[in-house]
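Please read the following report on one protein with its sequence and its 3D structure open beside the text. The report begins with a single residue in a loop and then moves on to the sheet, the helices and the aromatic rings.

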Amino acid sequence: MKGKQISIFDGEQKFKITKPIRLITLFSGYDSQALALKYLGVPFEHYRTCEWAIPSIQALRDLHFANDTTDYSCGKSKDELVSELFDLGISANYNESLTKEQIKRYGEEKLRTIYNNIKASHNLVSICNAKGEDLGIKDTETFTYLLTYSFPCQDLSNAGKMAGMQRGSGTRSGMLWEVERLLKETKELPQVLLMENVKQVIGKKNIGAFAEWVAFLDKLGYHSKWKIINATDFSIPQNRERCFMVSILGDHYYD
């Protein structure tokens with residue numbers, strides 16, 4: 001139609017969030033997505049996080065959940081803490097989870113701090129050990145669930161070895177497919193998905209895997225659109241290009 005504004009999404013109905021937001025962040029880091037919503041003044045419930053690295057777990061607690069001073073470790077022995085933290089899959093180096101023997105070497109006070117940080121931040125810890133039901137998605141008629149999944153970029157970027165993100169590759173960037181597993185396991189789907197990654201995610205080496213991912217989302221009923229955005233275009237003094245993709249569940253368009 002002449003004069004019609006082109007929208008990001010092609011669909012029958014305009015998408016607008018009218019229900020309270022429950023934010024779920026996978027690969028949370030220190031949760032810049034939650035910070036963005038806070039800076040924008042958007043009210044939301046910090047519903048679930050998912051971060052396995054001990055330093056980032058501490059940052060999550062300090063930045064977003066410092067007011068929760070509950071001692072969730074109260075009544076638990078050191079052996080119980082070791083067992084639970086092992087099952088959750090904590091990591092010290094961002095690359096692999098700690099063994100039970102490695103966890104046992106931490107002092108009891110440190111273990112209690114890690115455990116309390118996890119519980120206070122509603123943290124699922126390792127995405128590989130999480131189940132779809134752990135996302136807690138329910139009452140989607142009452143809440144809008146916004147799930148973010150900025151999966152590791154090390155195997156995509158030029159700075160890394162460009163090992164890729166193909167299904168079954170075993171790379172850190174290949175953990176994208178853990179998101180697929182979680183979505184398959186959920187009884188109710190989040191209404192909004194947000195991905196952010198380096199621009200190589202849609203580069204020549206990775207475009208096949210990316211197309212496979214978008215096709216999966218299509219089958220679930222999402223409409224997805226993506227674009228490479230440079231931070232310099234938004235008054236930020238940094239030449240930083242990133243690919244953003246928003247997926248909306250249902251037949252919606254979004255301006």
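In the loop between which two elements does Asp139 lie? Asp139 lies in the loop between α5 and β4, where helices (H or I, at least four residues) and strands (E, at least two) are DSSP runs, numbered from the N terminus.

Before going further, note that this is a predicted model, in which local features need pLDDT of at least 70 and side-chain atom pairs count only at pLDDT 80 or more, while totals for chains, interfaces and linings use all residues. Residues are numbered from 1 along each chain as its sequence is written, and side-chain values use heavy atoms, with hydrogens and water left out. The mean pLDDT of the protein is 89, and 93% of its residues reach 70 or more; pLDDT is the predictor's confidence in each residue, from 0 to 100. Over residues 1–9 the pLDDT stays under 50, and for this stretch the model has 14 contacts beyond four places in sequence, a contact meaning heavy atoms within 4.5 Å.

Most residues other than glycine have a negative phi. Asp139, however, has a positive phi near 55°, and Val125, which is not a glycine either, has a positive phi of about 70°. Val125 also lies in the loop between α5 (108–120) and β4. Are these residues buried or exposed, or something in between? Val125 counts as buried because its relative accessibility is 1%, whereas Asp139 is partly exposed, with a relative accessible area of 43%. Here buried means under 20% relative accessible area, exposed means over 50%, and partly exposed lies in between (1.4 Å probe, protein chains only).

**The sheet**

Strands of a sheet pair through backbone hydrogen bonds, either parallel or antiparallel. In this model six strands form an open sheet in the order β3-β2-β4-β5-β7-β6, with mixed pairing; two strands pair if DSSP finds at least two bridges between them. Because β3 (44–50) and β6 stand at the edges with a single partner strand each, one side of each is left without a neighbour in the sheet.

| Strands | Sense | Bridges | Residues opposite each other |
|---|---|---|---|
| β2 and β3 | parallel | six | Ile24 and Arg48 |
| β4 and β5 | parallel | three | Leu147 and Leu193 |
| β5 and β7 | antiparallel | seven | Glu196 and Phe244 |

Strand β5 is largely enclosed by the rest of the structure, because five of its seven residues are buried.

**The helices against the sheet**

Helix α7 lies across β4 (144–149), β5 (192–198), β6 and β7 (241–249), and runs at about 145° to β6; axes are lines fitted to C-alpha atoms, for helices over the stretch in contact, and angles run from 0 to 180 degrees between N-to-C directions. In helix α6, the residues Leu176, Trp177, Val179, Glu180, Leu182 and Leu183 are buried, and what covers the buried residues of α6 includes β2, β4, β5 and α7.

Leu183 counts as buried because its relative accessibility is 2%. Leaving aside neighbours within four places in sequence, Leu183 is in contact with Leu189, Pro190, Leu193, Trp213, Phe216, Leu217 and Leu220.

**Aromatic rings**

A pair of aromatic rings is described by the distance of the centres and the angle of the planes. Rings of Phe, Tyr and Trp (its six-membered ring) pair if their centres lie within 6.5 Å, and planes under 30 degrees apart count as stacked, over 60 as edge-to-face and the rest as tilted. By this rule the count comes to six aromatic pairs. One of them is edge-to-face, because the ring centres of Trp177 and Trp213 are 6.0 Å apart and their planes stand at 85°. This pair links distant parts of the chain, with Trp177 in helix α6 and Trp213 in helix α7 (residues 207–220), 36 residues apart. Both Trp177 and Trp213 are buried.

The pair of Phe210 and Trp226 is also edge-to-face, because the centres are 5.2 Å apart and the planes are at 80°. Phe210 belongs to helix α7 and Trp226 to strand β6 (residues 222–230), 16 residues apart. Phe210 counts as buried at 2% relative accessibility, whereas Trp226 is partly exposed, with a relative accessible area of 40%. Ring pairs also link Tyr149, Trp177, Trp213 and Phe216 into a cluster.
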